[in-house]
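Here's a quick briefing to read alongside the model. Have the sequence and the 3D view open as you go.

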Amino acid sequence: MKTFISNLFVVLSLISLPNPIFGQAPALGTASDFAVFTAIGAFGNSGTSSITGDVGTQAGEFSGFPPGTLVGNIHVADTVSYQVSLDVNTAYNNMAEITCGIVLGTTLGNNQTLTPDVYCLGAASVLNGNLTLDGNGDSNALFILKINGALTTNSLSKVILINSVLASNVYWSINGEFVAGDSSLFKGTLLVNGAISFLDYSSLEGRALSRQGAITLSNNLIEIKTPLVNVLPVTLISFEAQTNKANTGTVLTWKTASELNSAYFLIERSFNGVDYQSIGKMQAAGSSNQLNIYSFADNAPNEGVNYYRLNQFDFNGVHNYSMIKAVYFEKSTASATIVPVPFSSSINVIMIDAVENNTLKLQIFDVTGKEVLSATINKVQTDINTDYLPSGIYFYTIIGNNRIIKSGKLVAR
């Protein structure tokens, strides 16, 4: 009897304990729609690469489509790429805060199998042969791999997902460059603090997002397989968010191909990508096998970025979220201009409007994404010595009130 009571106590104790949490997937914000992106660095593609998802750079030259096939949008030094650069940086920093569950050696693969957890590798690492991620039948199984250094995959190496693992639930944090070897197959979202290179005929199911460093593609297949259709109990075929014609509000539209016991949609908005509030409700079609088109107007968006999602409810109270969309509204702030262009031994930064504390920050990067100049601008006109910079092409950003207010290309003679 004592043994039975003791065993029962152990069972009840285990039941009462919360499930272990090994890590939480970082919120990608506006970066979730991007297949390949770098915040600072050139973006180049050669050959017949095929990309499904948006691509771009916030500060760097862009080339490559065509050649190649792109099912998505290109964003270079615009308001979208600016916000994506912030969201990539935030996601990378959030990954750094996740506690390690298991420490691994610096060689992955060789028919190795991992189960859901947070794995840490303390230095530059290599993937050789096959690495299998086993979800044990759980479609929510989360894998986080944090590498404190570069990651290189050898030719023909593979990341294999089995037993319900989704590539959207696999995250790689790499503190260095990432190189995918010839004809290798990789899966998951890459958050990289360095250059990203996909060698000939390597492929990725997921995202390749860099804080800083050049992007190099060569005859690659890269695609985001976002489970859009299966996210909601309805068959959602599109969800879009864009500014209205007057640029004073957001217009949200979504289409469903079929619905089953669908009661209503809550339209939710966030200003930080984490905390959401309902701003409207739209009755759903119930049960339908025909195309349904919905529209909602947000006439009071915040300055800066606004995140939107749908929260769809069935008649039984079960609900699910859609993918997230973001819309950016320009903040009223200062601007500045740089003369002369092209420049040689010096540049002059002219502040056009005042900002808080009358301070701007200028950063200049070379074509590889390396910062070569950083200066504080706190005068109406500020002369900066550039005599040490070699002739060539550079990219700049001007930051005010903790956001990029201007960016572009410079030429040094």
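What follows is a short tour, from the overall make-up down to single residues.

This is a predicted model, in which local features need pLDDT of at least 70 and side-chain atom pairs count only at pLDDT 80 or more, while totals for chains, interfaces and linings use all residues. Residues are numbered from 1 along each chain as its sequence is written, and side-chain values use heavy atoms, with hydrogens and water left out. The protein chain has 3 helices and 37 strands; helices (H or I, at least four residues) and strands (E, at least two) are DSSP runs, numbered from the N terminus.

**Overall make-up**

- Of the 413 residues in the protein chain, 48% are buried. Buried means under 20% relative accessible area, exposed means over 50%, and partly exposed is in between, using a 1.4 Å probe on protein chains only.
- Take the contacts in the protein chain with a separation of 6 or more: 54% of them are between residues 24 or more positions apart. Contact here means heavy atoms within 4.5 Å.

**Sheets and strands**

- An open sheet of 8 strands runs in the order β5-β2-β22-β20-β18-β15-β12-β9, with parallel pairing. Its edge strands, each pairing on one side only, are β5 (62-63) and β9 (107-109). Two strands pair if DSSP finds at least two bridges between them.
- Inside that order, β2 (residues 43-46) and β22 (residues 215-218) pair in the parallel sense over 4 bridges. Asn-45 has Leu-217 in β22 as its bridge partner.
- Elsewhere there's an antiparallel case: β32 (residues 346-351) is joined to β35 by 5 bridges. Ser-346 has Asn-385 in β35 as its bridge partner.

**A buried glutamate**

- Glu-268 sits in strand β25 (residues 250-270). Glu-268 counts as buried because its relative accessibility is 8%.
- Its side chain makes polar contacts with the side chains of Arg-309, at 2.7 Å, and Asn-311, at 3.1 Å. A polar contact is a pair of N or O atoms within 3.5 Å; within protein, one must be able to donate a hydrogen and the other to accept it, and residues adjacent in sequence count only if both atoms are side-chain atoms.
- Leaving out residues up to four places away in sequence, Glu-268 also touches several tyrosines, including Tyr-276, Tyr-307, Tyr-308 and Tyr-321.

**The second largest pocket**

- This pocket holds about 540 Å³ of space. Grid points are joined across faces, edges and corners, and the volume is the space filled by probe spheres set on the points.
- There are 22 lining residues, of which His-75, Val-80, Ala-241, Ala-326 and Val-327 lie nearest the centre. On a 1 Å grid over the protein atoms alone, a pocket is an open set of points where a 1.4 Å probe fits, with protein on both sides within 12 Å along at least five of seven lines, and lining residues have an atom within 4 Å of a point.
- The elements giving two or more residues to the lining are α2 (79-96), β24 (235-243) and β30 (325-329). The largest share, 5 residues, comes from β30.
- By class, the lining has 9 nonpolar, 8 polar and 5 charged residues. Ala, Val, Leu, Ile, Met, Phe, Trp, Tyr, Cys and Pro count as nonpolar, Asp, Glu, Lys and Arg as charged, and the others, Gly among them, as polar.

- Most residues other than glycine have a negative phi, and most peptide bonds are trans.
- Val-339 and Pro-340 are joined by a cis peptide bond, with omega about -10 degrees. The bond from Val-341 to Pro-342 is cis too, with omega near -5 degrees.
- Ala-77, in the loop between β7 (74-76) and α2, has a positive phi of about 50 degrees although it is not a glycine. Ala-77 is partly exposed, with a relative accessible area of 36%.
- Asn-136 has a positive phi near 55 degrees. Asn-136 lies in the loop between β13 (130-134) and β14 (143-147), and counts as exposed at 55% relative accessibility.
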